[in-house]
Structure formats: C-alpha cells, structure tokens
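Here is a short briefing on one protein model.

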Amino acid sequence: MENRIDNLDRISALPDEILHHIMSFVSPKQAVRTSVLSKSWKETWHTCPILVLDDDQTRDRFARAKEVLKCMEQTLLNRHMEMISLTKLMISLLFFWDDEFAALVDRCVCFAIGSNVNELGLRFPIFRVGYNLPQIVFCAKSINVLELYRCNLSRPRIGVQLSLRKLCLVGVYVDDQMIENLFARCPLIEYLTIESSEGFKSLELFGLSELHEVKISNNDELEKVEINALNVHSVTITDMKTRVINIAFCKNLKFLLLSELSIKDDWLCSVISDFSLLQFLSITSCDELRSIKISSPSLKELVINGSDLVEVKLETPNLSKFKFSGHPISFTSNAMALSETDLYVCGNDDDIQVDIQVLVKYIELLANFNRCSEVLNLQHCTGARMEANLTSPFMRCQTFEPQNR
C-alpha cells in the first residue's frame, strides 16, 4: 500500500526548482505546512530561495498578519543557523504596523542578511512614520537588489559596503550626505529609481560606469539633478520643480522621458542635440515650453503633449512614429517617412468657427501629416466637452488613411 501511495505522489517527485516556484504563490505559514507532507517537501521548504510576505492576504486580520510574520522570523532564523543561503526576501506590510511589527522586521532582515540574501524588498504603510532601516543593511555585501518603500535611511556609523546593481527608493527619507555616500560606495549600480522621496536637495551621479537606467519622479525637495554617466541609455524625470537638470554627459542615451518639469525652450533644444543615439523622446505637460525645436537624425519615436505650445519644428529625418496632444499649432518637419501619426487636437468648436487663424493652423497641421504619414489617427475634442466630463469619450474620433502617394 505504501508503495502505491508513493507512486501516486507525482508532485513530490518534481524538480526542486518547480516545487520552489509553487511555494512562491502561498503565504509563509501555508508553505511551512507543506513540510509535514513528506521528507522531500520538508527539504524543499528549508531550501526555498525566495520568501515573500504580503499582508494583502491577511488585510482584515491584524493578529493573523503578525502570526505570519513571526512564522517567517522563525524560518529565517533556522536557515541562518543551518547556513542555508537565500536569494530573495520581500516583506510587504501596507495595512498593519506597530512597534512589535518593526521589531519583527528588524530580526527578519538581520537573519536574511546572515543567509547572504541577494534581493531585499521592504514595503510599509504610507500612513505611518517610515521604518528605520537597520544599519546592518548598509554592510551587507551580498545584497545586489534593494527596494525600499516608506523607509528612513540614516547615516551609518560605519561606511556603506554594498554591491548594489539595482536600487529603488519610494517614499523614503534620506539626507544629502547619505545620498552622496550611498552612490559613492555603489559603483556597480545599473538601475536606479527614486520616487516621492524627501530629505535631499541634490542628486549627483558621477563615475557610475555601469549605470543604464535612471527614473526620478515626484521628489518635491529636489533642486538639482546631475547625471554624468556615459553608459546610461534610459532617463525618466517627471513631476518635479527642479530648476537645474544636467544630463548632457549621457552621450549614449537612447530613451528620454520628461514630464511636468519647469524646463525652457533653449534648454530642451540644446540638450537634445547632444544625444546622437536617441531613439525615443517624450515631452509632456512641461507648461513653460512654448517652442519645441528638435534636431535628431537618430530619433524614431516622438511624443509631445502641451496645451501652451505655439510651434513645433522637427529635423528628424528617420522619425517613424509621432504622437501629439494639444491645441492647433504651427508645425514644420522634414520627417517624410512616418509610419503612423496620432493627433489628439483640443479646442472649442466655436473658436474654430470664428478664429480664422486657428482654422488655418488646424488645416495646415492635418495637411502636413496627411502628406508624410502612412496612417493618420485623428482625435478631436472640444474644450466644453472636456470641462464637462474629463473621462468622457472623444467628441469625434476618426482614422484617416491618406491616399497612396
């Protein structure tokens, strides 16, 4: 009979990689229960390289969330004592928090570092004071991916000794000295995201030869951004009042997204001309822009959104896709081989009827793209309709396919 049962237990015979993948979909407490199924399952649990706690599974039960966290603490302690390495630890506590939770997380982090964890992710409630990241994290050479949400980063008593390749800071508090120290000691970082964080006024990225991608968003206190990294290929800067932005030394940039920034016409024209490899450019809701002039032989896709724009001039012979949203403007371009153009034109019907200049600009805009684009998608909405209901469908939505030239 026992042999017959063993023969029917096909799941236990699966490779460890598959069993570990199965465990990644259940809570730590449920995963622990699998250890009583058989010796193979017990070994699988003890060697599972990824541990994830998400209180979304227990959002209505405070006590249960704390019980699951205690279970994870014991598991991490056992692994540390048995010197079993850990690939990833993710703790997400967005609904529950108190001093006991903080102490439990402290111990979990310390035990994970003792198991040489490679990826550490911590997410905490937005309605609480940020979690004070343990000092030991800054000495964890095994960590190459660090993702922090609602944490406080205080200056360590000893120097930072991280080997980070990816850093994501969302809603953190960190001062200028700590920011400078962090990047000075992480020369191998490849991916950087800083969002909705405070405490620092300057972000200067120098000497990071491995840096590939930078995303900076909604950091209200940030006054200066300077990126001097030759191998950066993607930069996203959005929703900030920053007055000083210097990215001119990113000579290998291929992707650039700028949104809700206080940038000027001359700055944009000058900086774009420095990027000889740029392929994608998006400029949206930068309200101080009036005239956009772009010269880029490498550019393939362009997105422009601006209600206060007066003119757009493009010298982009290899442009393939163009998206524009705004009022009718003066437009000139030498892009003669567009595969697709999307125009979202805003304005009052009454204005078009009475203002001949607006009508001329409207017709010229359509005529320009009708000549040079294989497909022209036009969406037009009136200001009155937009004011009445911002989520309503477009008043008119038509697609024009120009005749073969």
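**Helix H8 and its cover**

Helix H8 spans residues 265-272, and Leu268, Val271 and Ile272 are buried in it. Seen down the axis of H8, these buried residues fall within an arc of 95°, so they line one face of the helix. The model is predicted.

- Strand S15 (255-259) is part of what covers the buried residues of H8.
- Strand S16 (280-284) and strand S17 are also included in that cover.

**Serine 298**

- Serine 298 sits in a loop. The loop runs between strand S17 (291-295) and strand S18 (301-305).
- Is serine 298 buried or exposed? Serine 298 counts as buried because its relative accessibility is 16%, and the cut-off for buried is under 20%.
- Leaving aside residues up to four places away in sequence, serine 298 touches Phe275, Ser276, Leu277, Leu278 and Gln279.

**The largest pocket**

- The volume of the largest pocket is about 200 Å³.
- Which elements each supply at least two residues of its lining? They are helix H7 (176-184) and strand S10 (202-206).
- Lining residues include Asp176, Ile179, Glu180, Phe183 and Ala184. Ser202, Leu203, Glu204, Leu205, Phe206 and Leu208 also line the pocket.
- By class, the lining has 7 nonpolar, 1 polar and 3 charged residues.

Conventions. Residues numbered from 1 in each chain as written. Predicted model: local features only at pLDDT ≥ 70, side-chain atom pairs only at ≥ 80, totals over all residues. Heavy atoms only, no water. 1 Å grid on protein atoms, 1.4 Å probe; cavity = no way out; pocket = protein on both sides within 12 Å on 5 of 7 lines; lining within 4 Å. Points joined across faces, edges and corners; volume = space filled by probe spheres on them. Helix = DSSP H or I, 4+ residues; strand = E, 2+ residues; numbered from the N terminus. Nonpolar A, V, L, I, M, F, W, Y, C, P; charged D, E, K, R; others polar. Buried < 20%, exposed > 50% of the residue type's maximum accessible area, 1.4 Å probe, protein only. Contact = heavy atoms within 4.5 Å. Arc of directions from axis to C-beta.
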